[in-house]
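Here is a short briefing to read alongside the model. Take a moment with the sequence and the fold, then follow the notes below.

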Amino acid sequence: STLYIICVCIYNQFGFVPHLIKIVSQDTSNDNFEMQKHAIITLSNIVIFGNIQEIKHLVVPLFVRYSNQDDFMVLSRTINALFFYEHRLVDASNLEEEEGKEVNVGIVETLDEAMILEIEAAFENSIPRLCGHLTSTSRDLDICLVEILGTLANVTLYSTVLRDKIIDHGTIPIVMELFNATYPDEDIDYMVRILANLCFLGQPSAEIPPNFDIVKQTLPAFIQVIKKEERMTTNNLTYALCGLKYLCENPHPESVSTIIQAGIIPKLSELISEDNDDTILSSILCILSRICFQNNQLVVDGFHIYGFTLLSFLSEGIFLKEICTLLCCLSKHSTSIQSCLIDAGFIPWLIRLLNEPNETTGQKEAIESITNVIIEGTIDQKMSLVRQDCIPALCRFLNHRDESLLIAILRALQTLLALEKSETAATVNGILEAVVHTGGHLMIEELQTCENEEVYELARGILEGCFSSE
């Protein structure tokens, strides 16, 4: 990549680009094609690794035109160039909506609908030929395989429609066959990457999951990479975990159980405690949360392996949302796992997160973790949270706009207040005082105007049962 960038700078500085455009703009013929091939590939690399804003209207139509060529290198490089060009446009247009972000107006203004439609058509037209090159027995494996796999992986991410077209061309069995052959780790990276991308549900705003019965064929590849003890690079592990996460997030009713049956959970628990990069750890936490949400005991049993690692992450302020989501799922299971959360020292960190002056990532999940323990835990567990000042932390969120969060907090406060009034808990005290001291009773009174019926009934019940004399 560094070498490509240096070359791009040299081409721009010495004015080679106009000459390259002139060469590829001529009619293609057998006599000129070899020279034109190298020229269009060079221009493609300039787009991928450099900036084409000044020449975009000249080169994009050329890339669309040359993407019709059967030469695998020309096809893959021009499609990749179009992908990177369009991808930058989308990224820039998304920035326009984010407050406080500096936007490259020059890029945003280049959104040309006709040009985008041409790019999309080029992507769609390239799929049969890319897949054909993938199955070709005459290909140069050292070069072609990596080029085609990388290009298909990029096109797969462009849209769920193109992803499904690539799946329909039988790409998964072909790549799985290649994966099971003997290739170096660098080639395996590309194979695992496209397999993972084919499992991708799509962008959050337009999720359309792939057919799980088809994409689950990728699971053996992911499992093999994840369980591998020695690897040349971490890329294939990163891609394998992303693929496993996508499979886990698939709404198919058997998606989670299929992954559980593959026997990968203990290995994931081990990987959390190893020195891995952020993408790997984030994926593992998301997978465990999803599986734990389905009430899987293996994730709970593995807590003694990775629990203290999670605590160290919290102390560093990293993976807050992922960890709090996992703790939320764990806290629903049993009083034994709730005791583990308390004994391991997670509660002070969760309360500290709730006491942050500004709304912070992970607070919603932290509240749900604490309220789960209060509602489902033993008397000793409930009082342990009270002694750690959970009540002031929860009362801070009684004016939150999320009604599901309000319901959880009100139920937790109702549970604690009822405990203090019960005859079986004579040693329990200070709960009502803590609510009043933080002004919680006043905020609960205001919630009687809430349109949500459950919030209203909970607030009314607490006020009538505990504050009728206030």
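In this predicted model, the backbone oxygen of Pro210 lies 3.2 Å from a polar atom of the Asn250 side chain. Residue numbers start from 1 along each chain as its sequence is written, and side-chain values use heavy atoms, without hydrogens or water. Local features need pLDDT of at least 70 and side-chain atom pairs count only at pLDDT 80 or more, while totals for chains, interfaces and linings use all residues.

**Around Asn250**
- Asn250 sits in the loop between α14 (235-249) and α15 (255-261).
- A polar atom of the Asn250 side chain also lies 3.0 Å from the backbone nitrogen of His252.
- Beyond its neighbours within four places in sequence, Asn250 is in contact (heavy atoms within 4.5 Å) with residues including Leu201, Phe212 and Arg290.

**Helices α16 and α19**
- The axes of α16 (residues 265-272) and α19 (residues 303-316) come within 8 Å and cross at roughly 40°.
- Ser269, Glu270 and Ile272 of α16 meet Ile305, Tyr306, Thr309, Leu310 and Phe313 of α19.

**Confidence**
- The chain averages a pLDDT (the predictor's confidence in each residue, from 0 to 100) of 80, and 82% of the residues score at least 70.
- Residues 90-111 have pLDDT below 50.
- Helix α6 (residues 105-108) has the lowest mean, 37, and helix α12 (residues 212-215) the highest, 96.

Technical notes:
Helices (H or I, at least four residues) and strands (E, at least two) are DSSP runs, numbered from the N terminus. A polar contact is a pair of N or O atoms within 3.5 Å; within protein, one must be able to donate a hydrogen and the other to accept it, and residues adjacent in sequence count only if both atoms are side-chain atoms. Axes are lines fitted to C-alpha atoms, for helices over the stretch in contact, and angles run from 0 to 180 degrees between N-to-C directions.
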